[in-house]
Amino acid sequence: VTAPGIRFEDLPKIDLVLVSHNHYDHLDVVTLKRLQAAHRPHFVTPLGNDTIIRRAAPDAKMSVMDWGDRIAISDAIAIDAEPAHHWSARGTGDRSMALWASFVISTPSGKIYHVGDTGFHEGINYRSAGEKHGPFRLAILPFGAYEPRWFMKGQHQNPAEAVEGMKICNAAYACGHHWGTVQLTDEAIDAPIIALEAALKNQGVTKDKFRPMRPGEVFDVPSV
């Protein structure tokens, strides 16, 4: 329900693509095939998703990770795969046959904790990531597609849980994603923004600390 923030033709050189899991709003084979043809990036994904990606880009450079694995991208940058509370499927017969994950990107400028999709799961994975890898300069967290709660709670966190997760994992700043792009659930398109503002206020976090990123928006993350 929204246009890309940057036209494909205007992208800078893409060196690395992280694919967190195989749901269609996170693994789009048409886009990955196009990225491979134009940029030939290094794809990093959890176990099993490489099979799907290789159907579209058989000659792609690929690293496949289990939870707890670490790979070196360069002398200065490494990626760790960590748990998320989610699931996977591309059809009716392959539920949870490919893995899903969060990523920790260690860089000279600080650590980034990227969570593709997750249920809050009592903060267990946030606490584990913070203890193992924190603190983080930036967390990239989902905060949309969460209603109705009786159905979505186990797989998609809501804005209040995203703010709590940011605090648990000890992230200085957060960017919010997974909202306002694909109609997946019952809440209105602007409901996550309204709920996020309330959650930040209720939990004593200033608006500048958790940015609900819009397509094409740039956030120059302050040093910590």
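Because the model is predicted, local features need pLDDT of at least 70 and side-chain atom pairs count only at pLDDT 80 or more, while totals for chains, interfaces and linings use all residues. Residues are numbered from 1 along each chain as its sequence is written, and side-chain values use heavy atoms, with hydrogens and water left out.

Let's start with the sheet. Seven strands make up an open sheet in the order E4-E5-E6-E7-E8-E9-E10, and their pairing is mixed. (Strands are DSSP runs of E, at least two residues, and helices are runs of H or I, at least four, both numbered from the N terminus; two strands pair if DSSP finds at least two bridges between them.) The edges belong to strand E4 (70-72) and strand E10 (210-212), each of which pairs on one side only. On average, neighbouring strands of this sheet are turned by 15° against each other, direction ignored. Ala72 has Ala78 in E5 as its bridge partner.

Now for the helices. Helix H5 (residues 159-168) lies across strand E8 (136-142), strand E9 (171-177) and E10, and runs at about 150° to E9. In helix H3 (residues 124-133), the buried residues are Asn125, Tyr126, Ala129, Gly130 and His133. (Buried means under 20% relative accessible area, exposed over 50%, and partly exposed in between, with a 1.4 Å probe and protein chains only.) Looking down the axis of H3, these residues fall within an arc of 135°, so they line one face of the helix. (The arc is that of the directions from the helix axis to the C-beta atoms.) They pack against E5, strand E6 (102-107), strand E7 (110-115), E8 and H5, where contact means heavy atoms within 4.5 Å.

Finally, the rings. Tyr113, Phe120, Tyr126 and Phe136 are linked into a cluster by ring pairs. (Rings of Phe, Tyr and Trp, its six-membered ring, pair if their centres lie within 6.5 Å; planes under 30 degrees apart count as stacked, over 60 as edge-to-face and the rest as tilted.) Phe120 and Tyr126 have ring centres 6.0 Å apart and planes at 40°, so this pair is tilted. Phe120 is buried at 10% relative accessible area, and Tyr126 is buried at 2%.

Conventions. Axes fitted to C-alpha atoms, helices over the stretch in contact; angles between N-to-C directions.
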